[in-house]
Amino acid sequence: MKVLVGIKRVVDYAVKVRVNKGTVDLANVKQSMNPFCEIAVEEAVRLKEAKKASEVVAVSIGPKQCTETIRTALAMGCDRGIHITTDNNLRTDYMDLQPFAIAQLLKKVVEQEASDLVLLGKQSIDSDCGQTGPLLAGMMGWPQVTFASNLQVNDDDNGFLIERETDTGSETIRTTMPAVVTCDLRLNEPRYATLPNIMKAKKKKVDTLAAADMGVDLEAHNQVVEVMEPPPRKEGVKVEDVEELLAKLRDEAKLIK
């Protein structure tokens, strides 16, 4: 089984986002691998370690800095990487490059690599779209399972038994290969790359493809008119006891009767 893992470079989750001139300011901001993509990489590496996968390939789309993100995935255990390069001025946080174009680019790579399983994060923390996985599955004509919280390989029918998160709990789905799976927070806990593996990752192969040469229209179909910061939260109020809390919830907030 050949596994392809999509990874995205985003503003680091611990960084306070700054808004400037109606958009997110990316100047001099620390960026790292999307946390949900880290979970996808960890699951792919675990499949390789369990001898269920023969090769794990990490692919990322964006400017030259994405090579650093790919190297992180290689240090975690991926075998090789593919970097689809874009113009440095093309923003990948939905402002310019959007899921429809991303899915088309990934489709080209999946066909080129003859992948059996595509693992993606359920969403990226910059745009929170959650659209790339379903779009890719639709374009490929493959089954998809989104928000996976547990994945087991079923050797009997060459498929998977996957538990997925829903708004009302969870459900278990049986699917066959090839398939697209998007990974939720509870699927696993990603490992830290050790120094020896970081050094080994520098020697692993990373192929480069130019997005402009792949026959995909990268033009955005939606326009983000403005980005604005949320209003500041009001100061909280301390109460002396439960009775006062209930009174405020009932009489002032009107949350209880």
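# Briefing: surface, salt bridges and backbone features

With a relative accessibility of 74%, Lys51 counts as exposed, where exposed means over 50% relative accessible area, buried means under 20% and partly exposed lies in between (1.4 Å probe, protein chains only). The model is predicted, so local features need pLDDT of at least 70 and side-chain atom pairs count only at pLDDT 80 or more, while totals for chains, interfaces and linings use all residues. Residues are numbered from 1 along each chain as its sequence is written, and side-chain values use heavy atoms, with hydrogens and water left out. Helices (H or I, at least four residues) and strands (E, at least two) are DSSP runs, numbered from the N terminus.

**Backbone features**

- Lys51 lies in the loop between helix 1 (35–49) and strand 6 (55–62), and has a positive phi of about 65° although it is not a glycine.
- Asn28, in the loop between strand 4 (23–24) and strand 5 (31–33), is likewise not a glycine and has a positive phi of about 55°; with 83% relative accessibility, Asn28 counts as exposed.
- Met177 and Pro178 are joined by a cis peptide bond with omega at about -5°, and Pro178 sits in the loop between strand 11 (169–176) and strand 12.

- Helix 4 (residues 132–140) has Thr132, Gly133, Leu136, Ala137 and Met140 as buried residues. They are on the same side of helix 4 because they cover an arc of only 130° around the axis, the arc being that of the directions from the helix axis to the C-beta atoms.
- These buried residues pack against helix 3 (99–113), strand 8 (117–121), strand 9 (144–154) and strand 12 (179–183), with contact meaning heavy atoms within 4.5 Å.
- After helix 4 comes Gly141, whose phi is positive, near 75°.
- Asn154 belongs to strand 9 and is buried, with a relative accessible area of 15%; when its neighbours within four places in sequence are left aside, Asn154 is in contact with Gly159, Phe160 and Arg174.

**Salt bridges**

- The structure holds 19 salt bridges, each defined as a side-chain nitrogen of Lys or Arg within 4 Å of a carboxyl oxygen of Asp or Glu.
- One of them joins the side chains of Arg80 and Asp207 (3.8 Å, N to O). This pair links distant parts of the chain, since Arg80 is in strand 7 (residues 80–85) and Asp207 in strand 13 (residues 206–210), 127 residues apart. Arg80 counts as buried at 15% relative accessibility, whereas Asp207 counts as partly exposed at 25%.
- Glu165 forms a salt bridge with Arg186, with the closest N and O atoms 3.9 Å apart. Here too the pair links distant parts of the chain, with Glu165 in strand 10 (residues 159–166) and Arg186 in the loop between strand 12 and helix 5 (195–201), 21 residues apart; Arg186 is exposed, with a relative accessible area of 58%.
- Arg250 and Asp251 also meet through their side chains in a salt bridge (3.5 Å, N to O). Arg250 is partly exposed, with a relative accessible area of 36%, and Asp251 is partly exposed at 45%.
- Salt bridges that share partners join Lys2, Glu55, Arg80, Glu113, Lys205 and Asp207 into one network.

**Nonpolar surface**

- Val242, Leu246, Leu255 and Ile256 make a nonpolar surface patch of about 370 Å². Patches are made of residues with over 30% relative accessible area and no salt bridge, with like charges joined within 9 Å and nonpolar side chains (Val, Leu, Ile, Met, Phe, Trp, Tyr) within 5 Å; accessible areas come from the Shrake-Rupley method with a 1.4 Å probe, and for residues only the protein chains shown count as cover.
- Val242 is in helix 6 (residues 242–251) and counts as exposed at 54% relative accessibility.
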